[in-house]
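User: Hi! Could we walk through this model together, one question at a time?

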Amino acid sequence: MSEFIAKKIIKKQSPDKQTDARLRNLIGVVASFVGIIANLLIGTAKLAVGLIFSSISVASDGLNNISDTASSAVSMISFKIADKPADKKHPFGHARAEYLAAMIISFFIIMVGIELIKSSIEKITQNTAATFSYITIGILCFSILVKICLFIYNMAMYQKIKSATLKGVAIDCISDCAVSSIILISTIISHFVGVNLDGYFGVVVALLIIIQGFKLMISTFNPLLGEKADKQMVSDIAKSIQNYEGVLGIHDMIIHNYGPNRFFVSVHVEVDCMQDMLKSHELIDKIERELTTQSTQLLIHMDPINKDDEQSNNYKAMIAELAKQIDERITIHDFRMVQGTNSNNLIFDIVLPMDLKLSDEQVKENLSQMVHSQDTTCNLVINIDKNYTEC
């Protein structure tokens, strides 16, 4: 439904606005609007029923749904902001607004949970009896059904546009189903057993809400902080580049994420130094042009290497093999040899895993000793690199 409405809206826009990014953001806006209407209706109904029949857990659940309305509003605003084009102050666009929105939503959820714990404890200490009503039972059952539908709907939209915000909303919906189910069970048990469990179940509901808030916060904090790139994405980009004739190898790939479907990729591509540089430069331009998409901007640094120098290649193979004895994930690149009268300077970059326990200096010292044990004429000049796309 969201996709259909979004496409109808886009058809009325100018042709230059008919992009996948714009469709994605419009789907997010429509999905958020659906969430606002649904949560406002069931939240208001549960809050009213909870207050009328003195059920703190039902009223708390209704307040939670109303907070979901605020969350959906924040989500809608974030999609609108993310739709703004890049400008002088934000040359990489505004797509990270979606992550900020998810973070704000997580704070809303946690604060609601804390307030519910306070209200539930007051209910326990006052020991006020809740009035049983079939209206309460009906509202709770209806709420569970609506939340299940919203979960299915938001997950379907998440699959279409891969939005962390919509995934968070979907998870929150299924959590709300569990909360409402617990309240429904407690209401029935309290009526037939004659013991008021309303306040106790209110605490359980509040704790579940807080846990959900922290889970959403962590899931959105990682991309804001800067998490490693998706393994499949790294593999696909590497394979696509290496499929071009004339590419001898790649290294130093770095992927920056500026929001959902907003990636800036830089990579070093090795070419034969004996090849005409203009042709090599033309190849690099072609790769950048053909692999750059709406969601991925590719920037390539050209590295000419001499693949026919037998002595240099032998040294490189020896050092690569020795480096793997330190850690099999270590690789080397940008290798060159400068011959001297009594020694050879071997200059290269070495790529270390992020979780390597040895320090950079320890790696340099260990590798130098291993090489000298085989060839005393070698002098290593090592530059340390980190593997930013390690999976």
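User: Is Cys141 buried, partly exposed or exposed?

Analyst: Happy to start there, with two notes on the source. This is a predicted model, in which local features need pLDDT of at least 70 and side-chain atom pairs count only at pLDDT 80 or more, while totals for chains, interfaces and linings use all residues. Residues are numbered from 1 along each chain as its sequence is written, and side-chain values use heavy atoms, with hydrogens and water left out. Buried means under 20% relative accessible area, exposed over 50%, and partly exposed in between, with a 1.4 Å probe and protein chains only. Cys141 has a relative accessible area of 39%, so the class for Cys141 is partly exposed.

User: Which helix holds Cys141?

Analyst: Helices (H or I, at least four residues) and strands (E, at least two) are DSSP runs, numbered from the N terminus. By that count, Cys141 falls within residues 134-161, which is helix 5.

User: How far apart are the C-alpha atoms of Cys141 and Lys46?

Analyst: Along the chain, Cys141 and Lys46 are 95 residues apart.

User: How many disulfides does the structure hold?

Analyst: A disulfide is a pair of cysteine sulfur atoms within 2.5 Å. By that cut-off, the number of disulfides in the structure is 0.

User: How much space lies in the largest pocket?

Analyst: The search runs on a 1 Å grid over the protein atoms alone, and a pocket is an open set of points where a 1.4 Å probe fits, with protein on both sides within 12 Å along at least five of seven lines. Grid points are joined across faces, edges and corners, and a volume is the space filled by probe spheres set on the points. For the largest pocket, that space is about 930 Å³.

User: Which residues are closest to the centre of the largest pocket?

Analyst: Lining residues have an atom within 4 Å of a point. The largest pocket has 32 of them, and the closest to its centre are Tyr99, Pro223, Glu227, Asn257 and Phe263.

User: Which helix gives the largest share of the lining of the largest pocket?

Analyst: Helix 6 (164-193), helix 7 (198-225) and strand 1 (249-257) each supply at least two lining residues. The largest share is 7 residues, and it comes from helix 7.

User: How many charged residues are in the lining of the largest pocket?

Analyst: Ala, Val, Leu, Ile, Met, Phe, Trp, Tyr, Cys and Pro count as nonpolar, Asp, Glu, Lys and Arg as charged, and the others, Gly among them, as polar. The lining has 15 nonpolar and 10 polar residues, and the number of charged ones is 7.

User: Which residues lie nearest the centre of the second largest pocket?

Analyst: The second largest pocket holds about 550 Å³ of space, and its lining divides into 10 nonpolar, 6 polar and 5 charged residues. Helix 8 (231-242), strand 1, strand 4 (331-339) and strand 5 (344-352) each supply at least two lining residues. Of the 21 residues in this lining, those nearest the centre are Val234, Ile250, Met253, Asn387 and Thr389.

User: In what sense do strand 2 and strand 3 pair?

Analyst: Two strands pair if DSSP finds at least two bridges between them. Strand 2 (residues 263-272) and strand 3 (residues 296-305) have 10 bridges. Val267 stands opposite Ile300, and Val271 has Pro304 as its bridge partner.

User: How many bridges join strand 1 to strand 2?

Analyst: These two strands run antiparallel. The bridge partner of His256 in strand 2 is Phe264. The number of bridges between strand 1 and strand 2 is 7.

User: Is the β-α-β unit of strand 2, helix 9 and strand 3 right-handed or left-handed?

Analyst: A crossover is right-handed if, with the strands pointing away from the viewer, the path from the first strand over the helix to the second runs clockwise. Here helix 9 covers residues 277-291, and the unit is right-handed.

User: What is the phi of Asp252?

Analyst: Asp252 is found in strand 1 and is partly exposed, with a relative accessible area of 23%. Its phi is positive in a residue other than glycine, with a value near 55 degrees.
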